[in-house]
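Work through the exercises below with the model open. Each task is followed by a stepwise solution.

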Amino acid sequence: MKEYQTITEISGPLVFVETDEPIGYDEIVEIETGDGETRRGQVLEATSDYVAIQVFEGTEGIDRNASVRFLGETLKMPVTEDLLGRVLDGSGRPIDGGPEIVPEERHDIIGAAINPVSREYPEEFIQTGVSAIDGMNTLVRGQKLPIFSASGLPHNDLALQIARQATVPEEAAEEGEEASEFAVVFGAMGITAEEANEFMEDFERTGALERSVVFMNLADDPAVERTVTPRMALTTAEYLAFDKGYHVLVILTDMTNYCEALREIGAAREEVPGRRGYPGYMYTDLATLYERAGRIEGREGSVTQIPILTMPGDDDTHPIPDLTGYITEGQIYIDRSLNSQGVQPPINPLPSLSRLMDDGIGEGLTREDHADVSDQLYAAYAEGEDLRDLVNIVGREALSERDNRYLDFADRFETEFVQQGYHTDRSIDETLDIGWELLSMLPKTELNRIDEEFIEKYYVEDESETVEATAD
């Protein structure tokens with residue numbers, strides 16, 4: 001192992017070193033400062049004459065006299081089942097006061113791509129306990145389903161609720177011990193100390209920490225560490241899923257902070273910027289993270305991802321949500337107007353989408369009527385939303401009785417179906433029963449997206465209408 005004292009330039013989080021031998025891309029580096037402190041870095045660029053190193057702990061205090069050692073290996077995550085219940089920093093070191101991690105293995109954080117031939121199609125239901133997701137935009141094992149939010153909206157509360165409540169219902173029913181089969185890997189990037197405290201208090205208070213591995217990169221931690229945090233989290237998830245048979249839910253927040261770190265590093269490298277100053281390779285970089293979700297044929301476990309991103313300026317055409325939408329299988333929208341009305345969680349089902357939902361619901365997975373109920377709820381709520389615009393022009397008195405029913409339906413849909421608070425855990429049966437109760441506000445003739453058999457079985461007759469019809 002050679003040691004160099006040939007630092008030529010320090011630019012932001014980058015250190016440039018002259019070398020006289022080939023250095024591998026992504027190779028891990030130790031930099032020893034003049035006062036004996038050792039910092040870790042990673043080779044970002046290598047030529048025959050010099051290398052560019054991104055320093056995880058920041059470059060403050062590093063000068064031209066610092067010693068640089070190349071370790072000849074890429075960054076690895078020490079993995080073991082004992083990581084469950086632990087809290088680590090953004091680069092994988094324990095910060096919970098617990099013992100040092102004794103790894104069973106050390107896995108490269110870049111990870112190997114899943115062979116497309118070996119991928120199993122995602123089609124098993126994951127119950128989050130949130131009606132707007134389970135009923136309208138169902139999450140299935142192996143899916144990547146991002147949450148599109150914006151500054152000031154309660155995406156953290158929703159993330160915590162999903163982390164607490166998510167289960168694999170049929171697995172629990174078969175084996176009777178869901179905790180041993182389901183795990184959560186929570187990766188936080190660039191969050192404030194206040195947010196970190198909220199996350200940890202909630203995890204500890206509810207007992208969710210026992211089945212979770214938490215990675216914390218705070219806002220005052222180096223931006224470079226943010227580029228490592230999601231890879232550490234996903235490497236841990238892959239180990240638990242594919243080596244230990246867990247069904248792992250990975251929650252990554254906030255992907256916007258991750259992309260800002262990419263932009264900062266790109267600027268320090270003086271790269272030619274792409275759209276809005278972000279690197280031109282950001283699409284590829286995001287894909288290397290999102291595509292690590294999935295199932296592998298012959299393996300018991302699965303990795304499911306819920307990345308959370310805050311859209312700058314509430315703009316879903318911004319590069320970060322735009323590129324994310326091309327890679328992932330749908331999106332969940334947090335709505336500012338619903339939030340201002342006090343709806344918790346303020347999920348708007350109309351622009352939300354789960355592209356794999358149809359394969360993960362139905363008889364034997366959720367319930368036979370799930371698809372029909374979801375379609376009818378969506379259509380009725382969309383019609384109610386359109387009529388709200390009309391009411392603003394002509395007034396409610398000008399509308400027909402049918403239109404007024406749809407308006408009432410839209411109001412109740414928001415206050416009874418979407419609204420449930422952050423501490424209510426609804427089973428899929430409860431969610432669908434609430435859906436039927438709302439659909440029973442409409443005449444049977446309006447339920448044109450539901451099979452007659454299900455209408456006869458689940459439709460709840462309005463007693464006042466039955467009495468009126470009998471009198472007629």
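**Exercise 1.** Which residues lie nearest the centre of the second largest pocket, and how many residues line this pocket?

*Solution.* The model is predicted: local features need pLDDT of at least 70, side-chain atom pairs count only at pLDDT 80 or more, and totals for chains, interfaces and linings use all residues. Residues are numbered from 1 along each chain as its sequence is written, and side-chain values use heavy atoms, without hydrogens and water.

Step 1. A pocket is an open set of points on a 1 Å grid over the protein atoms alone, where a 1.4 Å probe fits, with protein on both sides within 12 Å along at least five of seven lines; lining residues have an atom within 4 Å of a point.

Step 2. The lining numbers 19 residues, and R40, L75, K76, P78 and R106 lie nearest the centre.

Step 3. Strand 4 (27-32), strand 7 (67-74) and strand 8 (76-79) each give two or more residues to this lining; strands are DSSP runs of E, at least two residues, and helices are runs of H or I, at least four.

**Exercise 2.** Describe the largest pocket.

*Solution.* Step 1. Its space is about 590 Å³, a volume being the space filled by probe spheres set on the points.

Step 2. Of its 27 lining residues, Y25, I110, R231, D285 and T288 are closest to the centre.

Step 3. Strand 5 (38-46), helix 5 (223-243), helix 6 (255-268) and helix 7 (282-290) each supply at least two lining residues.

**Exercise 3.** In what order do the 7 strands of the open sheet run?

*Solution.* Step 1. The order is 1-7-4-5-6-3-2, with antiparallel pairing; two strands pair if DSSP finds at least two bridges between them.

Step 2. Strand 1 (3-4) and strand 2 (7-11) each have a single partner strand, so one side of each lacks a neighbour in the sheet.
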